[in-house]
Amino acid sequence: MPTDLFRAAFEQNVLTTLDLRALRSSMRVLPSLDATDGEAWFHVNLFPSTLLNTPTERLIPLLECEGRRRRMCIELSEQQFLGDPTYLRPAIRALRHAGIRIAIDDVGFGRSSIEALMLLEPDVVKVDRRCIRSIATDHGKRRQLERLLAMLGAVDATVIVEGVEHDHELDVLRDLGVPYGQGYLWGRPVEALSASAAGSPAR
């Protein structure tokens with residue numbers, strides 16, 4: 001499993017090397033994606049440590065495909081931040097200056113999530129799948145999600161809720177005004193993507 005592979009890479013001190021290798025592999029697949037309208041944004045995951053350890057002048061060219069830079073968004077998992085995330089701000093500013101969006105992934109109910117959002121001002125916020133489990137039947141969980149969404153409303157960012165697997169979850173998200181969802185409800189990962197972009201409209 002990918003989590004086991006990246007854990008082993010961390011233990012052997014080659015996490016950044018593996019992460020950049022995964023990025024290059026993703027970029028090689030990009031031309032085959034079905035996005036002929038030119039409006040799609042392509043999301044790639046990076047560890048915050050990779051962003052910290054890789055000079056932006058080296059990283060930015062890796063995000064070019066067929067001689068031009070597509071509409072790219074880098075996703076950084078909030079759960080992988082090491083303490084105060086302000087150490088990422090210089091790299092994020094450089095990426096934004098190059099026209100690359102930043103997404104904070106796996107945002108949950110914790111205080112650290114909100115602090116990271118305020119400090120890093122991402123373009124996209126992705127709500128962790130654990131935040132929507134049982135929201136159709138657990139009123140307490142739904143109220144928690146409502147409060148989180150209200151706080152995210154203060155951040156000028158596009159909100160995407162992850163892990164949508166069932167129609168009843170989608171119904172609740174629509175009621176709450178969530179603009180975008182991502183999850184197995186729309187499709188599962190495939191080896192060579194030809195489906196639509198991951199962020200599917202929830203409304």
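The legends below describe close-up views of a predicted model. Residue numbers start from 1 along each chain as its sequence is written, and side-chain values use heavy atoms, with hydrogens and water left out. Local features need pLDDT of at least 70 and side-chain atom pairs count only at pLDDT 80 or more, while totals for chains, interfaces and linings use all residues.

**View 1. Strand 6 and its two parallel partners.** Strand 6 spans residues 124-127; strands (E, at least two residues) and helices (H or I, at least four) are DSSP runs numbered from the N terminus. Strand 5 (residues 101-107) pairs with strand 6 in the parallel sense over three bridges, pairing being defined as at least two DSSP bridges between two strands. Ile104 has Val125 as its bridge partner in strand 6. Strand 6 also runs parallel to strand 7 (residues 158-161), to which four bridges join it, and Val159 in strand 7 is the bridge partner of Val125. Between strands 6 and 7 the chain passes through helix 7 (residues 139-152) in a right-handed β-α-β crossover; right-handed means that, with the strands pointing away from the viewer, the path from the first strand over the helix to the second runs clockwise. Val124 and Lys126 point one way from strand 6, Val125 and Val127 the other way, and all are buried (under 20% relative accessible area with a 1.4 Å probe, protein chains only).

**View 2. The largest nonpolar core and Leu76.** This core has 48 residues; a nonpolar core is a set of buried Ala, Val, Leu, Ile, Met, Phe, Trp, Tyr and Cys residues joined through side-chain atoms within 4.5 Å. Leu76 is among the residues with the most contacts inside the core, as are Leu23, Leu59, Ile74 and Leu145. Beyond four places in sequence, Leu76 touches residues including Phe47, Phe81, Ile92 and Ile104, contact meaning heavy atoms within 4.5 Å.

View 3. Outside four places in sequence, Glu169 touches Ile132, Arg133, Ile135, Gly163 and Val164.

**View 4. Arginine over aromatic rings, at Trp41 and Tyr184.** Arg101 lies over the face of Trp41, 3.9 Å from the ring centre. The charged end of Arg188 sits over the ring of Tyr184, at 4.0 Å from its centre. The criterion is NZ of Lys or CZ of Arg within 6 Å of the ring centre and within 35 degrees of the ring normal.

Key:
Buried means under 20% relative accessible area, exposed over 50%, partly exposed in between (1.4 Å probe, protein chains only).
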